[in-house]
Structure formats: structure tokens, C-alpha cells
Amino acid sequence: MKQGAGPHLRRNLTVLAVVSVVYLVVAMSVTNSYYQLILTLVPVWALFGVSWNILSGYGGQLSFGHASFFGIGAYAVTLGVVYWSLSPWLGIPLGMVLAGLAAIAIGFPTFRLRGHYFALSMLAYPLAILYVMQYLGFQEVSMPMHRESGLRFMEFSEPRIYTLLAVLLLVGGVAVSLVIENSRFGLALLAIRQNELAAEAAGINARLWKMRSLVVSGMMGAVAGGFYARVLLVVTPDSVFGMLVSAQAVVVTLFGGVASVWGPVIGAAILVPLAETLQAELGTYLPGIQGVVYGIAIIAIMLLSPDGLYWTIGDRWFRRAAPDGIPDLGPDLEPLPPPVRRASTHAAGPLLQVEGLSRAFGGLRAVSDVSFSITEGEILGIIGPNGAGKTTLFNVLNGVLAADEGSARLDGQALLGRKTFEVCRMGVGRTFQVVRSFPRLSVLDNVIVGAYGAGLADREAIAQAVRALHQVGLQDRSGVPAGQLTNKQLRLMELARALAGHPRLLLLDETLAGLGREECDDVLGVLARVRTQGMTICIIEHTMHAMMRLADRFVVLDHGRVLATGLPRAVVEDASVIEAYLGKKWLARRDA
Amino acid sequence: MDLEILIENVLNAVTAGITIGCIYGLMCIGLGLIFGIMRIVNFAQGELLMLGMFASFYLVSEGRVLSFLGPYWGPFIGAMSAAPLIFTGGALLHKFLISRVSGLRTVGSLDEGHFGQLVVTLGISLILQNGGQILFGSTPVAVRTPLSSEAFLIGPVYHGATVFLNKAKLVAFFVAVLAAVVLYVTLEYTRLGKALRAAADNPTAATYMGIDVDRAYRIAFGLGSGITAVAGGLMATYISFTPFVGFDYVIIMYSGVVLGGMGSIFGAFWGGVTVGFVQQFSALILPPQLQNAAIFVVFLMIVLLRPQGLFGRSAERA
């Protein structure tokens with residue numbers, strides 16, 4: 001549950017009820033059948049926009065091929081009626097099932113791609129289906145009339161009934177979208193959109209959530225398509241699989257407001273009547289006017305207010321609700337218990353045991369035959385000059401990169417070969433050299449992502465996140481968007497996010513980088529406190545000075561190899577370490 | 001007897017693959033400049049191709065501006081004349097729209113501005129397609145030249161197997177190769193070309209070196225548009241087209257550029273040739289309606305089997 005989600009959900013549902021009743025009252029008083037058709041199409045396209053928004057708005061997986069699902073729904077309903085006399089009441093659910101299966105088939109390979117490659121590939125699916133449909137001879141399929149059993153075939157002489165049904169479908173879609181927005185589903189999608197790697201490192205299975213969002217989104221798109229076919233009575237491959245269909249979902253959502261459930265509704269309510277009216281008035285002279293309107297609308301919105309009307313208007317005329325403080329969790333807020341070591345056969349062994357780890361990039365051996373271990377409760381400092389392979393070592397340990405050779409065991413369990421989110425769930429928390437936050441989420445939500453990653457239920461997750469924020473001393477900033485934090489606060493927030501997952505081992509990558517002397521002291525203080533609560537920490541750091549105060553033991557890396565291991569004092573005196581850091585001349589002068 | 005037909009079909013697929021492939025190659029160089037080198041995701045590249053076709057059509061067939069050149073020279077001169085027109089159009093597009101979502105403005109943003117580029121060029125594409133329908137109508141047209149119905153015959157090579165070389169495609173092939181070579185030399189060896197590549201490769205550094213990056217981008221975008229338009233003009237001599245022709249080719253272009261390797265002009269050309277070959281060979285086994293579907297499958301396979309392509313790294317730096 002996102003912070004304060006309960007009241008938001010209730011308020012949004014109230015707004016939804018009021019808006020749909022008002023819309024229906026207006027729609028019922030319209031008698032002109034053409035305007036009635038437009039009033040029916042507005043909720044249909046809004047529903048399609050809402051479905052696109054789940055995948056591409058919240059999840060940020062820009063799809064230019066949502067027509068795949070719309071078309072599958074449309075053809076399922078139409079071919080069902082034509083060939084099997086299947087009632088559209090069953091045809092639409094059939095379309096949903098087929099679209100869900102198609103979503104899995106499409107998502108499985110396509111989610112390997114990111115960004116614009118994903119967007120372009122999604123475009124290819126509906127266009128490929130379009131040609132296949134033409135090949136199969138479904139150029140233009142009309143639905144036969146069944147006057148004697150109109151209800152069974154969703155066939156009404158009164159056009160206002162279609163408007164009513166369309167609104168009901170949209171209400172259902174908006175409700176689903178609202179539930180997603182206010183649950184861990186929505187938070188996971190927002191986190192993935194803002195920083196996929198950070199979400200993975202916080203224990204979120206990005207592939208799985210993206211796949212779920214595609215399936216939900218595809219099924220909802222099929223409902224819109226199936227109903228559209230029923231209203232228009234005729235489908236052609238171009239009218240349901242064509243580019244303009246996919247574009248319509250993109251345009252109404254971006255125009256109205258991306259990643260808000262109201263965005264596509266607002267966008268459709270403005271653009272659909274505008275485009276349809278222009279098409280009707282001017283279509284004979286200007287046959288493509290509809291597409292031109294959509295094109296202009298989307299360019300204008302992108303250049304003038306890239307988040308869409310909802311957010312722009314919200315920012316300008318309604319000050320967003322002041323950030324909520326820390327939620328009151330009652331008296332049961334107890335300090336975090338120390339991490340419990342799971343019963344294990346290796347009770348006496350080290351917590352982390354790394355042996356012979358190697359990773360090469362082409363000819364460069366970034367990590368080469370590295371072995372070390374970490375005992376429970378200690379702070380191990382990994383130091384070394386730039387390019388020594390420190391960050392690569394972390395990336396291999398937490399599954400961002402695959403190892404070429406070697407092994408790593410956490411309490412006896414193999415770490416390597418697991419995905420990043422799995423490593424996190426095994427109890428390895430991680431922060432990054434360059435802070436990876438979710439800038440548009442509040443600090444508390446950022447940390448809750450980490451708690452969800454550990455598989456906690458809503459209430460527990462919030463409590464855990466609040467505890468973690470107390471631990472690092474950020475409790476006063478919990479309602480602020482992460483984008484507004486200072487560097488030090490970001491570092492602490494990332495630490496809190498890792499702590500919220502209740503890790504047994506923390507991998508901290510240059511947590512002190514870019515901090516001033518006093519800030520550095522503050523963060524060191526927090527780390528010392530976390531450590532006294534029983535945490536085991538492995539930290540990468542450049543500055544010897546800070547490390548001397550913090551670490552119990554050093555591992556020195558140079559050119560991917562372990563140069564020295566041991567107590568800080570001894571390591572600093574080690575000749576080879578001095579050489580790596582300061583050069584041979586320095587060594588010669590010292591010895592002289 | 002069957003062998004004879006097979007040999008004839010394969011040989012004709014090879015020659016058609018080479019001629020059409022090189023024209024695709026030229027088309028891909030245009031996108032290679034914009035997407036491969038400048039890293040701008042241009043969804044409207046197919047519409048630039050379409051504009052090239054119609055520019056040639058109006059210059060040669062409909063507007064008759066170039067009709068004094070006769071039906072043999074006219075269409076090909078017309079195709080080349082599309083270049084300055086669409087160059088100007090592309091440069092203006094960049095100045096007023098594309099520059100606002102690319103280049104120095106998006107350096108360092110999370111996705112390098114790709115989201116904005118996709119959306120804005122989707123808008124441009126919608127406007128050009130549908131606006132094209134308003135201006136040019138939706139009846140298929142073609143640039144008429146008697147060459148498109150004439151062919152050189154080679155053979156019989158094996159018993160009765162004969163190779164047909166369509167004259168329009170052959171001339172278009174020579175023009176395409178010539179244009180590609182000229183462009184390659186310009187980009188690799190002239191001062192302008194070096195400035196363009198430097199600006200594209202690292203806009204921030206190029207600014208410090210005194211290169212007017214905005215201007216360089218504008219020229220490069222214009223060039224990319226113009227080159228694709230010439231390829232469109234050449235294709236207009238042997239296919240018929242409507243304002244909606246762009247989509248079929250935008251996928252082909254991306255396939256070619258990704259296959260050939262991002263950032264390489266030569267690679268983009270080679271990628272286009274390969275896709276042309278695949279398309280012609282798919283014609284041997286697939287019914288005509290499915291050939292376009294086959295191209296989409298090829299595109300998906302290229303981006304899926306080489307998720308980071310023949311270029312760059314896929315893993316983020318953590």
C-alpha cells in the first residue's frame with residue numbers, strides 16, 4: 001500500500017462515481033445518433049488508454065503496438081459471432097483470455113529489450129498480425145444481425161444502452177487501475193520505471209511485474225477492442241490492428257496525463273469528440289484530419305507540458321496535498337531486532353565466502369581470482385585505486401554481472417548465477433556508487449520498495465520502512481520526493497532502502513563519495529550505529545582516512561587482483577599497497 | 001525441369017536482392033545518420049521516404065516540372081532532386097521540433113531523451129501520413145517510366161533458366177550506389193563530415209571544440225532525411241505508393257541499421273542490403289501478403305537475438 005493510499009482510493013472512487021453518473025445523465029439526454037456514437041466511443045478509447053497506461057504509464061515500458069490486444073479482442077468478438085454464433089458477452093471474455101496469452105507470448109521475448117528497442121519491437125506485432133489477417137482473408141468482416149435475440153448478441157436498437165455499457169466497462173477499468181496504483185503492484189511499476197536496476201537491487205522482480213502489467217493491460221485492451229467491434233459492427237485489419245489504433249492509446253494518455261488513472265479519461269474526453277467532429281464535418285474535403293489532430297495534440301503536449309494536462313493543471317491550479325508525515329503506526333513501533341542468523345550447518349563459518357572469483361570484459365580482467373571472506377558482524381573495507389575492479393566485484397556478487405569463474409557463498413548458499421532480486425531476497429542489500437533513487441517517489445515510498453522487495457505485507461512493510469528511516473535519521477524528510485534531497489540525504493535514503501529489506505549483509509559502494517567532511521562524519525556515525533545493531537557490512541571506499549576509522553579489516557584490490565588482506569594498520573604499512581596507491585618513487589623515498 | 005525453375009527463381013532473387021538491397025542500403029544510410037550516429041529515435045523516417053516518393057512524383061509525373069528531361073532521365077533526376085527539398089524539410093523539422101527533444105538538451109537525462117523523441121516523431125509521422133492523405137489523396141500512384149516494364153535478359157544460364165534485370169531497378173541501383181559512395185566519402189574525409197560525426201558522437205565535447213553543435217545536428221538530420229528521400233524517389237519508379245507507405249519501410253530501415261551496427265554508415269548500407277536479400281528470398285517461399293509480415297519477424301529476430309546488437313554494451317554501469 002502506498003502511503004496514505006486508503007483515503008486516496010476512497011476519494012478517487014467517489015470522483016469516479018460522480019463523473020460517470022454526470023456523464024450518463026448528459027449522454028442519456030442526447031438524441032442525435034451520431035453524437036450518441038461519439039459519446040460511446042469516448043469511454044471506449046478512454047478504457048484503451050487506461051489499459052495502455054498500466055504498462056507504459058506506470059511501468060514506463062513504452063508500447064507502440066497496443067493495437068495487438070485491441071485487435072485480438074475485436075476479432076475474437078466478431079469471428080465468434082460470425083462463425084460460432086458466440087454471444088459477445090462470452091466473446092469479450094474469450095478475447096481477454098486470448099489477449100492474455102498473446103501478452104505472455106509477446107512479453108516473454110520482448111521484455112529482454114529496453115527503451116526504444118522495446119517500443120519499436122512492440123510496433124512490429126500488430127503490423128505483422130495485420131498482414132496475417134489480410135492473408136487469411138479477414139479483410140472486412142461484418143457482424144450479422146440477430147433481431148430476434150438482441151440481448152444475447154449485445155444488439156440494441158437503443159444506442160444509449162451502448163453508451164451505458166461503455167461507461168460501465170470504463171468504470172471497471174478505472175477501478176482496476178486504481179487498485180493497481182494503490183498497491184505494491186503500482187509501487188513496483190513506478191520503481192521499475194524510474195530506475196530498473198535499483199528496483200532489482202531492492203528485491204523487486206522487474207521481469208515478473210512487467211509481465212503482469214502487460215497481461216493485465218492486454219486483457220483490458222481486448223475488452224475495449226471487443227466492445228468497439230460490437231458497436232461499429234464491422235472490423236477490418238486496419239481499423240483494429242492499424243497504427244492509428246495504437247497511436248490513439250498513446251495520444252489520449254500522454255495528452256491527458258501519464259501515470260495517472262485520470263489522464264487517459266481526460267485525454268479521451270477532449271480529443272475523441274474533437275477528432276470525430278472534425279472528421280464528420282471536414283472529412284470529405286480533408287480525409288485524414290483525425291490523424292492530423294492527434295499528431296498535433298501529441299507534439300504540442302510533449303513540448304509544452306510533457307507530463308500531460310492532469311499533472312500540469314494539478315501543479316498550477318491545485319497545490320498538491322502537502323506531503324504526509326510519518327504515518328502513525330500506534331505504540332507497536334519497536335526498534336529493529338538484530339538480523340537473526342538462520343539456522344545453518346555452517347554455524348561457525350564466515351557469513352560470506354568468496355573464492356577464485358573472476359570476470360573479464362573482452363581482454364580486460366576486471367576481477368581476477370579474488371578470494372576473501374566476511375565474518376558475521378564485521379565491517380570489511382574494500383579499497384583500491386580507480387579501475388581496481390571494486391564495483392565490478394559488487395556487480396558480480398549481487399547478480400548484475402555474471403561471473404566467469406569462482407564461487408561466492410552466503411552462509412553456505414551459492415550466490416552466483418542468481419538474479420539481482422534473488423540475491424537481495426537472500427539477504428544482501430546494496431547501494432550504488434552513483435545514487436539510484438526513484439526521484440519522483442517520496443522518501444518513504446522509496447524505502448517501502450525495499451521492504452516490499454523483502455516480501456513483507458503492506459502494514460509490516462510500512463512499519464519496517466519507518467524503522468529504517470529512523471535508523472538513518474531521515475524520519476523528518478519522509479514525505480518529500482527523493483528528487484529534492486541533498487547528496488548526503490540520498491546516500492542515507494539508499495542505505496535505508498537497503499536496510500528495509502532486513503539484510504544480513506550490506507554491500508555499500510562508495511557511500512561517502514562526494515560528501516564534505518562533516519557530512520562524511522554524519523554518515524560514518526550512522527554506519528557505526530547500524531553496525532552496533534549487529535549488521536555485517538562490506539564497503540568500498542577511496543578515502544583511506546574514513547576507512548581507517550570504520551573498517552575492521554581491509555581487502556586491497558589492484559588491477560582486479562587481491563593485493564593484500566588484513567588489519568587496517570598492517571595493510572597501510574604494506575609496501576605493495578603503497579606502491580599501488582602512491583607509486584614506486586614514493587616507496588623508494590620512504591625506504592630511503 | 002523443376003531444377004530449371006528453381007535455378008531461375010534463385011538467380012532472379014539474387015539479382016533482385018542486390019538491386020533492391022542497395023536501394024534499401026541507401027535508405028538505411030539516412031536512418032543510420034539519424035538513429036545510428038545521432039542516436040535520435042526517428043519514428044517518422046518512413047514518412048520522409050514517402051515524401052521523397054511524392055516529391056519525385058510531383059516533379060516528374062504530376063507537376064511535369066522535369067518532364068522536359070523525358071521519361072528515361074526524368075524519374076532519376078527527379079529522385080535526386082527530392083534530396084534538397086527533403087533536406088530543407090528535415091532541417092526545419094529538426095530546428096523547430098526535434099532539437100527540443102534531442103542533442104544537448106537531453107545529454108545526461110535518464111533515457112537520453114528517447115521517450116520524447118519517440119512521442120514527437122510519432123506525432124510528426126501521424127501528421128505527415130494523414131496530411132499526405134489530404135494533399136496527395138489515397139489512390140496509389142507511381143512515377144511513370146517505360147524502363148519499369150523493360151528488362152535485360154541474361155541467359156539462358158541453365159537450359160531455359162533466364163535472369164531478368166528490370167531496367168528501372170538497375171538504373172535505380174546504380175544511382176543508389178553512386179549516392180552512397182559520395183555520401184560515404186563526404187562523411188569520412190571532409191571537414192564538414194568530421195564535424196558532423198564529432199558533434200554526433202559527443203555533443204558536449206564538440207561544443208568545447210568550437211563546433212556549432214545545433215547547426216551540425218540540423219545539417220545531419222537534413223542529410224539523413226534527404227538521403228532516405230532519394231531512396232524513396234528511386235523506389236517510386238518501380239512500385240506504386242500511397243501516403244501510408246512509410247510504415248512498411250520504417251521497420252526495414254531499423255532492421256538494417258541495427259543489423260549493420262549502430263554508428264556506422266557502411267554498416268547501415270550493408271544492413272539494408274542484407275534485409276533486401278532476405279525479403280527477396282522470402283518471396284520464393286511465402287505468398288505476397290506475408291512478405292511484409294516476414295520482414296517484421298526478421299526485425300524482431302534481429303533485435304532479440306542481438307539485444308545489444310552488433311554494437312555497444314547492454315549492461316548498465318552500476
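Guide: Gladly, and please keep in mind that this is a predicted model. Let us begin with burial: buried residues make up 53% of the 592 residues in chain A.

Visitor: What makes a residue count as buried?

Guide: The test is whether 20 or more other C-beta atoms lie within 10 Å of its own. In chain B, 54% of the 318 residues count as buried.

Visitor: How many helices and strands are there in chain A?

Guide: Chain A has 24 helices and twelve strands. Its C-alpha atoms fill a box of roughly 100 × 55 × 50 Å along the principal axes. Chain B has eleven helices and two strands, and its pattern along the sequence is α-α-α-α-β-β-α-α-α-α-α-α-α.

Visitor: Why does the radius of gyration of chain B agree with a compact globule?

Guide: For 318 residues, a compact globule would have a radius of gyration near 20 Å, and chain B has 20 Å, so the two agree. The C-alpha trace of chain B spans about 65 × 50 × 40 Å along its principal axes.

Visitor: Which share of the contacts in chain B joins residues at least 24 apart?

Guide: That share is 75%, among contacts between residues at least 6 apart in sequence. In chain A, residues 24 or more positions apart account for 75% of the contacts with a separation of 6 or more.

Visitor: What is the order of the six strands in the open sheet of chain A?

Guide: The order is β8-β9-β10-β5-β11-β12, and the pairing is mixed. β8 (428-430) and β12 (561-566) of chain A each have a single partner strand, so they stand at the edges, with one side of each left without a neighbour in the sheet. On average, neighbouring strands of this sheet are turned by 20 degrees against each other, direction ignored.

Visitor: How do you know that β5 and β10 of chain A pair?

Guide: Two strands pair if there are at least two bridges between them. Strand β5 (residues 379-383) and strand β10 (residues 536-540) of chain A have four bridges, in the parallel sense, so they pass that test. As one bridge to look up, I382(A) has I540(A) in β10(A) as its partner.

Visitor: Which helices lie across strands of this chain?

Guide: Among them is α15 (residues 390-397) of chain A, which lies across β5, β8, β9, β10 and β11 and runs at about 145 degrees to β9(A). Another is α23 (residues 575-582) of chain A, lying across β11 and β12, at about 130 degrees to β12(A).

Visitor: What makes α4 of chain B mostly covered?

Guide: Of the 23 residues of α4(B), 19 are buried. This helix, residues 114-136, reaches 31 Å from its first C-alpha to its last, close to the 33 Å expected at 1.5 Å a residue. After α4(B) comes G137(B), whose phi is positive, near 80 degrees.

Visitor: How many residues of chain A are in contact with chain B?

Guide: 40 residues of chain A are in contact with 39 residues of chain B. On the chain A side, α5 (115-135), α11 (243-256), α13 (289-304) and α15 each supply at least two residues. The largest share, 13 residues, comes from α5(A).

Visitor: How do the residues of that side of chain A divide into nonpolar, polar and charged?

Guide: They divide into 30 nonpolar, nine polar and one charged.

How values were computed:
Residues numbered from 1 in each chain as written. Chains lettered and ligands numbered in written order. Predicted model: local features only at pLDDT ≥ 70, side-chain atom pairs only at ≥ 80, totals over all residues. Rg over C-alpha atoms; globule rule 2.2 N^0.38 Å. Buried ≥ 20, exposed ≤ 12 C-beta atoms within 10 Å, placed from the backbone. Contact = placed C-beta atoms within 7 Å. Axes fitted to C-alpha atoms, helices over the stretch in contact; angles between N-to-C directions. Expected span 1.5 Å × (residues − 1). Nonpolar A, V, L, I, M, F, W, Y, C, P; charged D, E, K, R; others polar.
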